Every structure is written in structure tokens, then in C-alpha cells.
Amino acid sequence: MNIATTRGPAKSLSLPNILTYARIAAIPVVVGCVFAQSVMDGPLWLRWVALAVFIAAGVTDYLDGYYARIWGQQSAFGRMLDPIADKLLVASCLLMLAADNSIHGWTLWAAIVILCREILVSGLREYLAALRVSVPVTKLAKWKTTVQLVAIGFLIAGEAGEQFLAVTTLIGIVLLWTSAILTIYTGWDYFRAGIHHLIKEDEG
């Protein structure tokens, strides 16, 4: 994930953190549009609105970290908030897509794997942070995040997207499974680091 942080007197109101706030604010809009279209039988254009807002939210995930780095606006507050925003966006969308049956059957297991990994990594990060141990984000983990967001984007488009590309939902499902596999692999790095330091602490 990108690190969206800030340094200075107005830490919570810097542009990088405002972009992260915007990502959180996008969640009810995306979920609300998908809910209104699928559950309340709303018009298909709501899917496009949801997709547009979701894409904008995904772009902020890159921009907040970019501006934080080039402007030197990095702090613990941003490092805490950025991954929280990412996980809230992904989890909310996956749950809504499961509720509207875009994700169903065996594909639910891909979503479960992704959600369980995020919870596990959050717990391990908190534990390792207490030990002042940092596990760097790998390039593969960044690719995992990209594939995950693209998968969710295709699934949000859903029926509306299938009017232009018949395999829209299928592409989303395939990418979601790909993301789940990458999720297990990249999550192992955190798990291995956590177990290593846990054993060392118990032995000490």
C-alpha cells in the first residue's frame, strides 16, 4: 500500500490525508449505488456511478502516497490511516458484491480469503509495530493490491458492463481468484515475520 502521511502543524489536514479521507468518504457512495441498483432494482447507470467513484478512490490510493513522498509530508497518523482506508474500501465492496450475488458460490471463498488475510495482516502489523519491527511492502504485494482493485472494478460494473463486454463479470471473478492466490502468498511474509519474533520473544 502507499504511505499517505504528513509532517507539520496541521497533520490531519494535509492534501495527502485529505485524499485518504476522500477514499473513506467514497465507500458509502459506491456501496449505496450498488445497493440501489441491485437490491432496490434501480437503473443500471448507478453501476457506472459506483464504478467511477471507485476508480477515483483507487487513484487517491496512489496520489496520497505520491504527494506525501515528494512534499515530505509523512507521519505516523498517515501510516495508520492509509491502510485502514484501503481495507474499509475493499471489505465494504466485497460484502456488497456478495450481497447482490455478483460474488457467489465457490467465488465466495476467494472473498473470504482476502478478508481473512487483511484481518491477519492488520493484527500482525500491530504486534510487530509494538516490537518496532517493520515488514516492507514487496512489489508483489503492490501487484496483488492492483489486481484486487481491478477485479472489484469489473464486478462493480457487472450487468452494466456486460452490455458492452459480455465477459465483464467473468473477468472480475478470474481476477478475484488471482488476487486471492497472491493474497495468500504475500500474507506469508507477515505471518513468517510475526512467528519469528514471537518465538524469539518467548525464548527470551
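Predicted model: local features only at pLDDT ≥ 70, side-chain atom pairs only at ≥ 80, totals over all residues.

Residues are numbered from 1 along each chain as its sequence is written, and side-chain values use heavy atoms, with hydrogens and water left out.

**Exercise 1. The overall fold**

Task: Find how many helices and strands the protein chain has.

Solution: 
- Start with the rule: helices (H or I, at least four residues) and strands (E, at least two) are DSSP runs, numbered from the N terminus.
- Counting by this rule gives 6 helices and 0 strands.
- Read from the N terminus, the order is therefore α-α-α-α-α-α.
- Now look at burial, where buried means under 20% relative accessible area, exposed over 50%, and partly exposed in between (1.4 Å probe, protein chains only). Of the 204 residues in the protein chain, 41% are buried.

**Exercise 2. Helix length and bends**

Solution: 
- H1 has a kink of about 25° at Ala-26, shortly before the proline Pro-28, while H5 bends by about 50° at Ile-156.

**Exercise 3. Cysteines**

Task: Find how many disulfides the structure holds.

Solution: 
- A disulfide is a covalent bond between the sulfur atoms of two cysteines.
- The test used here is a pair of cysteine sulfur atoms within 2.5 Å.
- The structure holds 0 disulfides.
- For burial, Cys-33 has 12% relative accessibility, so it counts as buried. Cys-93 is buried too, at 3%.

**Exercise 4. Salt bridges**

Task: Work out which parts of the chain are tied together by the pair Arg-47 and Asp-100.

Solution: 
- Side chains of opposite charge can pair when their charged atoms come close.
- The rule asks for a side-chain nitrogen of Lys or Arg within 4 Å of a carboxyl oxygen of Asp or Glu, and it gives 5 salt bridges.
- One of them joins Arg-47 to Asp-100, with the closest N and O atoms 2.3 Å apart. Arg-47 lies in helix H2 and Asp-100 in the loop between helix H3 (76–99) and helix H4 (107–130), so the pair ties together parts that are 53 residues apart in sequence.
- Arg-47 is buried at 4% relative accessibility, and Asp-100 at 14%.
- Another pair is Lys-87 with Glu-118, whose closest N and O atoms are 3.4 Å apart. This pair links helix H3 to helix H4, across 31 residues.
- Glu-118 also bridges to Arg-117, at 3.6 Å. Through shared partners, Lys-87, Arg-117, Glu-118 and Lys-144 form one network.

**Exercise 5. A nonpolar patch**

Task: Identify which helix gives the most residues to the nonpolar patch.

Solution: 
- The patch, of about 800 Å², includes Trp-45, Phe-164 and Leu-170. Its residues have over 30% relative accessible area and no salt bridge, with nonpolar side chains (Val, Leu, Ile, Met, Phe, Trp, Tyr) joined within 5 Å; areas come from the Shrake-Rupley method with a 1.4 Å probe, and only the protein chains shown count as cover for residues.
- Helix H2 (45–70) and helix H6 (168–203) each give two or more residues.
- H2 gives the most, with 3 residues.
- Leu-170 belongs to helix H6 and is exposed at 52% relative accessibility.

Methods
Patch = residues over 30% accessible without salt bridge, like charges linked within 9 Å, V, L, I, M, F, W, Y side chains within 5 Å. Bend = angle between axes of the 7 residues up to and from the residue.
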